[in-house]
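This report describes a protein chain from its overall dimensions down to individual residues. The structure to which the text refers is shown next.

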Amino acid sequence: QPWLNGAVVLEELWDRKRAAAWYRRAATLTPDPEVVSALAWAQWRAGDLAAATTTFARALERRPDMPSALLGMARVQLDSGSPEAALKYLERAETAAPLLNVVGFYKGKAYEAMRAPEKALDAYRRTVAADSYFAEGRDALGKLYLRQRNYNEAWRQFSRILDLEPKNRKIISLLNRVTPLLTRIP
């Protein structure tokens, strides 16, 4: 437990490499797949995708239905440019944890990477329907609507984010850009 606590503190201090070393030490002391998954996430945050892949695989060997490890493996696959492989892990994560809303968000990211915008729209719509306060999902949905020139829906998503974060300059800028393009007054 002290190694885990130290790793968390080091991550809070943005010392990611040392945090990964502390997680690694904790993982050598316990067979707990949660600890192994935490190490893999630390390796991913430190930018070591190869080590993260190996470590997530080790966690999944110990517990094949662990949502955090499945999601982590999907993130590694997305970052490695393999959205099809990411979708396989995301499908498993969705089965293991059907209420984990972030899975749908990353499915949207994978579909976008695969140039399947309708599937991405569906995934993003489901994720914001499940959690109306999920600003990242609304942002991705709004930007996808913007790319499709569906300015009214883009405006709607961006304005909903602004309800949550009234001083978000990026969203204010996007709203100012979209407002003159609206086909009907909101």
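## T95 and the basis of the model

At 66% relative accessibility, T95 counts as exposed, the classes being buried for under 20% relative accessible area, exposed for over 50% and partly exposed in between, with a 1.4 Å probe and protein chains only. T95 belongs to helix α6, which covers residues 83-96. Helices are DSSP runs of H or I with at least four residues, strands are runs of E with at least two, and both are numbered from the N terminus. The C-alpha atoms of T95 and P117 lie 23 Å apart in space, with a sequence separation of 22 residues.

The model is predicted, so that local features need pLDDT of at least 70 and side-chain atom pairs count only at pLDDT 80 or more, whereas totals for chains, interfaces and linings use all residues. Residues are numbered from 1 along each chain as its sequence is written, and side-chain values use heavy atoms, with hydrogens and water left out.

## Overall architecture

The protein chain contains 11 helices and zero strands. Its C-alpha atoms occupy a box of roughly 60 × 35 × 25 Å along the principal axes. Of the 186 residues in the chain, 44% are buried. Among contacts (heavy atoms within 4.5 Å) with a separation of 6 or more, 41% are between residues 24 or more positions apart.

## Surface and charge

The chain exposes about 10300 Å², and carbon and sulfur atoms supply 54% of that area. Accessible areas come from the Shrake-Rupley method with a 1.4 Å probe, and for residues only the protein chains shown count as cover.

There are 29 positive and 21 negative charges, and their mean positions are 4 Å apart. In this count Lys and Arg are positive and Asp and Glu negative, while His and the chain ends are not counted. Each charge is placed at NZ of Lys, CZ of Arg, CG of Asp or CD of Glu.

Helix α3 comprises the 13 residues 33-45; at 1.5 Å a residue it should span 18 Å, which agrees with the 18 Å between its end C-alpha atoms. The expected span is 1.5 Å times one less than the number of residues. Because 10 of its 13 residues are buried, α3 is largely enclosed by the rest of the structure. The buried residues of α3 are P33, V35, V36, S37, L39, A40, W41, A42, Q43 and W44. Their cover includes α1 (2-12), α2 (16-29), α4 (49-62) and α5 (67-79).

The N-terminal end of α3 is capped by D32, with a side-chain oxygen 2.9 Å from the backbone nitrogen of E34. Just after the helix, G47 adopts a positive phi of about 90°.

Q43 lies in helix α3 and is classed as buried because its relative accessibility is 6%. The side chains of Q43 and T55 are joined by a polar contact of 2.7 Å. A polar contact is a pair of N or O atoms within 3.5 Å; within protein, one must be able to donate a hydrogen and the other to accept it, and residues adjacent in sequence count only if both atoms are side-chain atoms. Leaving aside residues up to four places away in sequence, Q43 touches R24, D48, A51, A52 and T55.

R58 is located in helix α4 and, with 30% relative accessibility, counts as partly exposed. With residues up to four places away in sequence again set aside, R58 touches A27, V36 and L39. The C-alpha atoms of R58 and L146 are separated by 40 Å, and these residues are 88 residues apart along the chain.

## W22 in helix α2

W22 is placed in helix α2 and counts as partly exposed at 29% relative accessibility. Not counting residues up to four places away in sequence, W22 touches P2, W3, G6, A7 and L10. W22 and A42 are 20 residues apart along the chain, and their C-alpha atoms are 9.7 Å apart.

## Loop residues with positive phi

W14 sits in the loop between α1 and α2. Its phi is near 65°, a positive value in a residue other than glycine. W14 counts as exposed, at 62% relative accessibility.

R149 occupies the loop between α9 (135-147) and α10 (151-164). R149 has a positive phi of about 65° although it is not a glycine. At 63% relative accessibility, R149 is classed as exposed.
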